[in-house]
Amino acid sequence: MTDPKPWTIGDSAPGEQRHAPATMRNRDAIVDVLRDILPEQGTILEIASGTGEHIVYFGLKFPDLTFQPSDPDPDCCQSIAAWTKREAVANVLPPLPLDAQAKRWDLPKPAAILCINMVHISPWESSIGLFEKAADLLDPGAPFYLYGPYLRADVETAPGNLAFERSLKSRDLRWGLRDVADMDALADRTGFARESLTEMPANNISLVYRKHG
């Protein structure tokens, strides 16, 4: 289960470096999925990088790739830069202030796009914008990776995720757990097809989409 802002201020850089405890629990499971889908070279764009802990860890695990973090929150961008500096990761670029609901992203084509724990803590319009911009940027066959808690019609929702859904709605009625079927439909409308669904720790899911050729 995830919290909308599941981080604390890091001890080594007060006011800048933030820590999300869930990162330590899920990062290796995510890396296991990424090993099977990421290309051998190129720039990997992450949307909504949050604290920056995930992308810095990915940079350490995939030294032959370049990682481009991003987040519309200036405090998150500070945290990303602080973690990058602390871990001395040379293949993680300075963060960009990208917003999923912006009209466009003015940046070079990435080899893949990652988005972890954003879809459920943002309006549905953000998911639409995310897929539309991914469709504009990615080449056919390039991977588009999503991670987080999702609903499925044929799978009973875990009690923790039901409680999390209520918590999200209490904060913003536009937030909430999305149904995998709705994500697949959005993918289809924007030129993607789902390649895989992987069960992850704490009732989360990895979804991998590929852009149509």
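Here is a friendly chat about helix and strand packing in this predicted model.

Me: Why is α4 called oblique to α6?
Reply: The axes of α4 (residues 124-137) and α6 (residues 180-189) come within 10 Å and cross at roughly 40°. Angles under 35 degrees count as roughly parallel and 65 to 115 as roughly perpendicular, so α4 is oblique to α6. The crossing of α4 past α6 is right-handed.

Me: Which residues make the contact between these two helices?
Reply: From α4 come W124, S127, I128 and F131, and from α6 come D182, M183, L186 and A187. By class, the contact of α4 with α6 has six nonpolar, one polar and one charged residues.

Me: What makes β4 and β9 edge strands?
Reply: The open sheet has six strands in the order β4-β3-β5-β6-β10-β9, with mixed pairing. β4 (66-68) and β9 (192-200) each have a single partner strand, so one side of each has no neighbour in the sheet. Neighbouring strands here are turned by 20° against each other on average, direction ignored.

Me: How do you know that β9 pairs with β10?
Reply: Pairing takes at least two bridges, and eight bridges join β9 to β10 (residues 204-211), so the two strands pair. They run antiparallel, and A193 stands opposite R210 in β10.

Notes: Residues are numbered from 1 along each chain as its sequence is written. This is a predicted model: local features need pLDDT of at least 70, side-chain atom pairs count only at pLDDT 80 or more; totals for chains, interfaces and linings use all residues. Side-chain values use heavy atoms; hydrogens and water are left out. Axes are lines fitted to C-alpha atoms, for helices over the stretch in contact, and angles run from 0 to 180 degrees between N-to-C directions. Helices (H or I, at least four residues) and strands (E, at least two) are DSSP runs, numbered from the N terminus. Angles under 35 degrees count as roughly parallel, over 145 as roughly antiparallel, 65 to 115 as roughly perpendicular and the rest as oblique. A crossing is left-handed if the near helix is turned anticlockwise from the far one by less than a right angle, and right-handed if clockwise. Contact means heavy atoms within 4.5 Å. Ala, Val, Leu, Ile, Met, Phe, Trp, Tyr, Cys and Pro count as nonpolar, Asp, Glu, Lys and Arg as charged, and the others, Gly among them, as polar.
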